[in-house]
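Please keep the sequence and the structure in view while reading.

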Amino acid sequence: MPSDNFVPKLLQKSIISGPDSRKLFVLEEKGKKWIGKNINKKNGATFQIDKDFMKDVETKKCDKGLFLENGDVYLVELKGVDFNTACKQLILTLDYCKENLGKYNYFCRVVGKEIPKKELYSTSYRLLKSMLPKDKIKKYFDAKSNVLEEIV
C-alpha cells in the first residue's frame, strides 16, 4: 500500500478512499458524478469536505475533493440546479483551503443538473474566477451537467 505521507495532516481524517494510484477517482452524490482519469498513476486520496474536513464552518461549502501527490487539489461541488450557489460554495472552500492547507494547485469543478451558458454565469463565478490563476482559467475551472470526466 502506498504511503499516505503526502496527504496533509489536516485532510487525513476526512479521507473517503485512498491513498492509492487507482485508474479512476470517482466522486458522486445525488446522481451527479465527477471522474478523474488517473492515466499517469499518481497517488491520490478522495476526501469529504462539507461533512468532515470543514464541518466546523457553518456556511455551505463544496462537497468533496481529491488530493494528489503532486500537489493538485480538485474541489468538487455536486449540485442540483443552483450554479450561483455552487460557485459561492467553491469560493468559501477555496479560500479556506488556501488559508489552512497552504499553497497547492487548486482546481474548481461544478457538476450540476443544469449549467448555464458562459455569458449567463453569475457574479459569484466572476469572483471565483478572480481567485484562480489568470493564465489558464479553463484549466482551473470547469462545469458540466450530470457527469464531468477529465484526466488528473
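Lys32 lies in strand 3, where strands (E, at least two residues) and helices (H or I, at least four residues) are DSSP runs numbered from the N terminus. The model is a predicted one, in which local features need pLDDT of at least 70 and side-chain atom pairs count only at pLDDT 80 or more, while totals for chains, interfaces and linings use all residues. Residues are numbered from 1 along each chain as its sequence is written, and side-chain values use heavy atoms, with hydrogens and water left out.

Is Lys32 buried or exposed, and which side chain of opposite charge is nearest? Lys32 is buried yet has no salt bridge, and the nearest side chain of opposite charge, Glu114, is 9.7 Å away. Here buried means under 20% relative accessible area, exposed means over 50%, and partly exposed lies in between (1.4 Å probe, protein chains only). A salt bridge is a side-chain nitrogen of Lys or Arg within 4 Å of a carboxyl oxygen of Asp or Glu, and for charge Lys and Arg count as positive and Asp and Glu as negative, with His and the chain ends not counted. Leaving aside neighbours within four places in sequence, Lys32 is in contact (heavy atoms within 4.5 Å) with Leu27, Leu78, Lys79, Val111, Gly112, Lys113 and Asn146.

By the rule above, the model has six salt bridges, and the table gives some of them.

| Salt bridge | Closest N and O atoms |
|---|---|
| Arg22 and Asp20 | 2.6 Å |
| Glu28 and Lys33 | 4.0 Å |
| Glu149 and Lys37 | 3.2 Å |

Glu149 lies in strand 9 (residues 147–151) and Lys37 in strand 3 (residues 32–37), so this pair ties together parts that are 112 residues apart in sequence. Glu149 is partly exposed at 47% relative accessibility, and Lys37 is also partly exposed, at 33%. Arg22 counts as partly exposed at 31%, as do Glu28 at 44% and Lys33 at 29%.

The nonpolar residues come next. In soluble globular proteins, nonpolar side chains tend to be buried together. A nonpolar core is a set of buried Ala, Val, Leu, Ile, Met, Phe, Trp, Tyr and Cys residues joined through side-chain atoms within 4.5 Å. The largest such core has 44 residues, of which Trp34, Leu75, Leu128 and Phe141 touch the most other members. Helix 3 (residues 83–100) gives the most to this core, with seven residues. Not counting residues up to four places away in sequence, Trp34 touches a set of residues including Phe25, Leu66, Tyr74, Arg109, Leu148 and Glu150.
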